[in-house]
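Colleague: Please take a close look at the contacts between charged side chains in this model. I would like one connected account, which may then go on to other local features.

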Amino acid sequence: MELEWNCNQFRSRKFSESGSSLLIRHSLMAESSPIKLRRCDSACVSAVSMEAISALTELEDLEKVYLQLCNEEKEVEHELEKLMGQQANMDTKMLSLHRMGPNLQLIGGDASQLSGMITFTCSLAENVSSKVRQLDLAKTRLYKVIQRADDILDLKFCTDGVQTALRNEDYEQAAAHIHRYLSLDQSVIELSRQGGESSAVDASLATLQEAEQRLKVLVAERLDEAVAKGDLAQVERFFKIFPLLGLHEQGLARFGQYLCSQLASKAEENLLLAVGGDLGERRAALLFADTLTLLLEGIARVVETHQPIVETYYGPGYLYMLITHLQQECDRQAQKVVDKFIKQRDYHNKFQVIQNNMMKGVSAERIEPRELDPVLLEVTLMNARAELYLRFLRRRMMSDFEVGDATALPGIVQEHKDSVEKLLKHCKLSQLMQELIGYYIPMEEYYMRETVSKAVAMDTYEKGQLTSSMVDDCFYIVKKCISRALSSSSIDCLCAMINHSTSVLESDFREVVYNKLRQGFPATTLQDIQRGVSSAVSLMQSSLQQGKFNTLGIDSAEVAKAAFLVTLNNVEVCSENISTLKRTLESDCAKLFTQGAGAGDQAKIDSCLSDLVNTSSKFKDLLQEGLMELNTTAIKPQVKPWISSFLSISHNIEEEEFNEYEANDPWVQQLIVNLEQLMAEFKAGLSPVIYDTLTSLMTNLVSMEMEKTVLKCTFSRLGGLQFDKELRSLVAYLTTVTTWTIRDKFARLTQMATILNLERVTEILDYWGPNSGPLTWRLTPAEVRQVLALRIDFRSEDIKRLRL
Amino acid sequence: MNPLSIVWEKTRVNMEDYDYLFKIVLIGNAGVGKTCLVRRFTQGLFPPGQGATIGVDFMIKTVEIKGEKVKLQIWDTAGQERFRSITQSYYRSANALILTYDITCEDSFRCLPEWLREIEQYANTTVVTVLVGNKIDLAEKREVLRQRAEEFAESQSMLYLETSAKESDNVEKLFLDLACKLIREAKQNTLDNNDTANAMPGEGKAISYLSCCSTN
């Protein structure tokens with residue numbers, strides 16, 4: 001469509017164009033004749049005009065042509081004169097051109113000469129530059145020659161120097177000479193030997209090599225001697241010489257050996273002192289942790305004091321090698337300490353007993369959890385010390401590597417990092433600690449489970465208190481165990497204990513509480529009868545419970561009631577305590593992470609903690625179940641008959657009865673009193689939050705039961721008014737006892753009261769549909785009809801006729 | 001405390017970036033290739049010369065199965081004896097266990113009953129266990145015949161799969177099949193729970209350990 005339109009437009013434009021071109025053609029034709037004429041005037045005056053003239057017959061025309069011709073003649077003459085005037089000018093120009101001719105030839109010659117000159121200069125320049133290159137080459141060679149000469153001179157100097165120095169036992173000097181020799185370009189020396197003066201150089205070299213060998217042997221011997229003597233000054237003196245001879249590894253190995261022997265003797269001394277000596281009572285419990293600490297601190301101090309020497313004389317990156325040597329001794333000594341610890345503390349045996357206990361449940365031999373306290377503490381302390389020590393070593397080695405790694409390839413940096421990690425993670429010390437922790441975890445778990453079950457067994461409840469001792473005790477124990485695991489600085493150990501705590505809380509402890517709730521809230525005998533009437537199932541239940549009462553008596557029923565309420569409070573506190581515990585642990589762990597644990601470790605702890613906090617909601621579910629149970633066993637059987645007693649109060653009343661009700665309230669006041677009494681027990685025994693939830697359940701029950709009951713009644717106009725009054729009193733009372741919004745729960749009942757209060761059936765239409773205003777009807781049209789039908793004075797035809 | 005807050009918490013769980021969260025724990029002797037299986041699956045790597053795992057490692061991978069986002073929390077444990085008590089503490093909360101052995105190492109196969117005893121003792125009764133024979137790329141060194149392993153797995157009512165972390169054989173399948181099975185079980189579980197809840201209101205209903213995995 002659009003396309004077509006465009007085409008049309010285009011066509012019409014074409015059309016108009018052709019129209020305009022036609023127009024132009026016309027105008028051209030009109031103008032063509034005078035133009036032609038003029039062209040003839042200028043190009044071929046006589047021929048054309050002659051024909052024209054001869055054709056002319058009229059005088060007037062002739063005159064006109066004549067005049068025209070005269071004018072033209074004048075013009076031509078004028079033009080001719082102008083051209084003639086220019087002739088002189090032209091002549092001068094031609095003249096000057098003629099004069100320029102020879103000059104141009106000259107310029108041509110000059111130009112070719114210049115070109116020749118440039119070519120020559122160019123080749124000259126090339127020549128010169130090649131000479132310069134040759135000169136440069138010569139210069140560098142000369143420098144090399146000088147260097148070589150210098151080297152040879154140095155070599156000679158070194159040769160002489162080494163010998164004198166060796167003679168004077170100046171090993172530092174000798175080593176300096178050897179170092180100079182070693183740092184000479186080996187290929188140059190090789191070349192020199194091939195050259196003319198080979199014999200002299202060879203001799204020097206031989207001397208030097210011999211001196212080098214001698215010096216190496218000598219220095220090693222002297223160092224060994226010094227090591228044997230324990231002469232630190234001499235040890236350090238010779239230790240410094242090794243790198244000059246290119247024997248970094250050997251030097252570090254011997255020095256490490258020296259330091260190890262020092263450490264070993266000190267450590268043995270400490271261990272002997274620990275086992276034999278009588279330290280104070282207080283430290284005796286931590287004897288082995290202390291001994292291990294002394295060992296590790298000793299090594300750390302050695303590293304700290306000797307790091308500068310290694311850095312200065314060996315350069316960066318060599319600390320790792322020294323520490324590798326030291327760690328071997330550390331592992332040996334730590335093994336001894338740990339072995340002694342295991343033996344003296346009967347560690348493995350304790351573990352075995354516990355293992356048997358946990359596996360089979362009952363066993364002849366048992367360990368009092370309290371007895372484990374000191375050993376558990378000692379183990380965590382040992383691990384914490386080892387972690388601290390390993391962290392120290394990691395920091396030192398990494399910073400030592402970093403100096404040299406600044407320019408190194410990333411691959412090498414990673415390699416250094418990996419070798420440090422490998423050394424620290426797989427050293428015997430780490431392995432020993434992992435083993436100790438491996439035994440620690442089941443022991444701590446045993447400690448926790450046993451102590452928790454003891455706390456449960458010893459549960460006491462003091463009158464007037466909402467919760468019993470069990471909750472606080474259990475959380476104290478759990479927190480203590482996790483904190484102890486945390487104090488070991490081992491993330492895996494901490495996570496394992498968090499997992500076990502989750503298990504203890506979720507299975508063991510929750511089971512205890514669950515079983516207490518399962519025992520149910522005891523009902524009183526009167527209720528039992530009522531319940532028995534209402535349902536066969538509860539009859540069976542109550543008879544069972546009655547049986548229990550007979551043996552236990554009323555007092556024990558009271559105790560059981562209190563116990564149930566206390567358990568509910570306990571459950572709530574548990575769920576809160578778990579959340580608190582998680583928060584506390586999070587902030588405690590944050591401290592651990594500032595000491596440099598990785599991101600993966602953080603994720604592990606977070607995951608374990610989130611499992612822990614999930615148990616909190618399981619306790620919440622339990623609380624909910626408990627409240628439902630309380631509602632069904634203690635509240636519902638009481639409230640139901642109170643509300644159904646509404647049926648016995650006639651609401652089909654006249655003025656007289658209405659007034660009498662006004663004077664002596666027949667039902668609602670008693671109900672309120674009853675509810676008040678019923679709830680008073682719970683208000684005293686339950687925490688405010690739980691009580692509030694229970695009240696909410698109770699009000700739900702009341703509104704539901706009321707609704708059912710009202711639908712079974714019949715009302716007169718005044719009966720409706722009476723019901724409205726009663727409902728208002730009830731809602732007013734319930735509003736005072738709970739923080740929940742009551743009005744919403746009673747919305748349906750209130751609307752029923754409104755309907756029962758109508759003057760006429762059709763009055764409902766003033767409130768219904770478009771007239772409802774802010775009121776939202778909770779009753780369906782069918783229900784509205786049902787309620788209207790309760791009024792005996794409303795005719796069913798009217799109700800049927802209603803359009804709702 | 002109040003019923004509304006519980007409802008709110010459930011919707012909040014659903015608003016997180018996954019529909020299901022499962023914990024999978026890998027166990028088995030040292031050096032059978034647990035870490036390599038995990039790294040192959042989570043990072044697509046096969047690091048040669050993998051050192052022994054210290055304690056436990058923890059990785060997360062979210063996969064999509066039939067349009068549902070499944071977050072797999074994979075716990076890679078150390079096989080060495082001294083870490084046993086650490087790894088044991090993870091059994092109870094695991095939805096699935098991957099019991100791994102090395103097909104080229106008879107010893108690692110012979111230890112399986114011992115591992116099963118551990119599972120019996122520490123794990124949840126509803127846990128899904130998969131037996132995995134790793135290192136099938138070293139077929140010429142095989143010491144444990146496939147049929148033998150299959151029979152063993154069947155006798156213990158375990159799933160069985162042979163994998164190669166190096167060649168990436170069956171690794172995806174292992175974890176994805178497991179995720180599918182866990183989803184099925186979780187759905188079944190919620191269904192059962194709803195049934196019991198409907199049947200006996202007010203009566204103490206079993207609380208699912210998979211309650212975090214409520215269906216949408």
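Modeller: A salt bridge here is a side-chain nitrogen of Lys or Arg that lies within 4 Å of a carboxyl oxygen of Asp or Glu. The model is a predicted one, and a search through the whole of it finds 46 such salt bridges over all chains.

I begin with chain B, where the side chains of Glu106(B) and Arg148(B) meet in a salt bridge with an N to O distance of 2.7 Å. This pair links distant parts of the chain, since Glu106(B) belongs to helix α4 (residues 106-110) of chain B and Arg148(B) to helix α6 (residues 146-155) of chain B, 42 residues apart.

In chain A, Glu268(A) and Lys336(A) form a salt bridge through their side chains, at 3.0 Å from N to O. Glu268(A) sits in helix α8 (residues 248-276) of chain A and Lys336(A) in helix α11 (residues 319-344) of chain A, so this contact ties together parts that are 68 residues apart in sequence. Here Glu268(A) is partly exposed, with a relative accessible area of 39%, and Lys336(A) is also partly exposed, with 36%.

A further salt bridge of chain A joins the side chains of Arg795(A) and Asp798(A), with 3.4 Å between N and O. Arg795(A) counts as partly exposed at 47% relative accessibility, and Asp798(A) counts as partly exposed at 22%. Beyond these pairs, a network of salt bridges links Asp373(A), Glu444(A), Lys480(A) and Arg484(A).

From charged contacts I turn to a nonpolar one: Phe120(A), Leu124(A), Val128(A) and Val132(A) make a nonpolar surface patch of about 390 Å². Phe120(A) lies in helix α3 (residues 59-167) of chain A, and its relative accessible area of 54% makes it exposed. As for annotation, UniProt, in an unreviewed entry, places the feature "coiled-coil region" at residues 59-86 of chain A.

The cysteines come next. With a disulfide taken as a pair of cysteine sulfur atoms within 2.5 Å, the count comes to zero disulfides over all chains. For Cys427(A), the closest cysteine sulfur is that of Cys330(A), and the 6.8 Å between them is too far for a bond. Cys574(A) is likewise in no disulfide, the nearest cysteine sulfur, in Cys474(A), being 7.4 Å away. Cys427(A) is buried, with a relative accessible area of 5%, and Cys574(A) counts as buried at 0% relative accessibility.

Ser489(A) has a positive phi of about 65° although it is not a glycine; it is found in the loop between α16 (469-487) and α17 (491-518) of chain A, and at 14% relative accessibility it counts as buried. Ser157(B), which is not a glycine either, has a positive phi of about 45°. This residue lies in the loop between α6 and β6 (159-162) of chain B, and at 68% relative accessibility Ser157(B) counts as exposed.

Chain B also holds strand β1 (residues 20-27), of whose eight residues eight are buried, so the strand is largely enclosed by the rest of the structure. Side chains in a regular strand alternate between the two faces of the sheet. Both faces of β1(B) are covered: Tyr20(B), Phe22(B), Ile24(B) and Leu26(B) are buried on one side, and Leu21(B), Lys23(B), Val25(B) and Ile27(B) are buried on the other. Strand β3 (residues 68-77) of chain B pairs with β1(B) in the parallel sense over seven bridges, and there Phe22(B) stands opposite Leu72(B). Strand β4 (residues 96-102) of chain B also runs parallel to β1(B) and is joined to it by four bridges, with Ile27(B) standing opposite Leu99(B) of β4(B).

Notes. Residues numbered from 1 in each chain as written. Chains lettered and ligands numbered in written order. Predicted model: local features only at pLDDT ≥ 70, side-chain atom pairs only at ≥ 80, totals over all residues. Heavy atoms only, no water. Buried < 20%, exposed > 50% of the residue type's maximum accessible area, 1.4 Å probe, protein only. Helix = DSSP H or I, 4+ residues; strand = E, 2+ residues; numbered from the N terminus. Pairing = 2+ DSSP bridges. UniProt positions renumbered as here; feature names shortened; annotations may be inferred. Patch = residues over 30% accessible without salt bridge, like charges linked within 9 Å, V, L, I, M, F, W, Y side chains within 5 Å. Areas by Shrake-Rupley, 256 points an atom, 1.4 Å probe, with all protein chains shown as cover.
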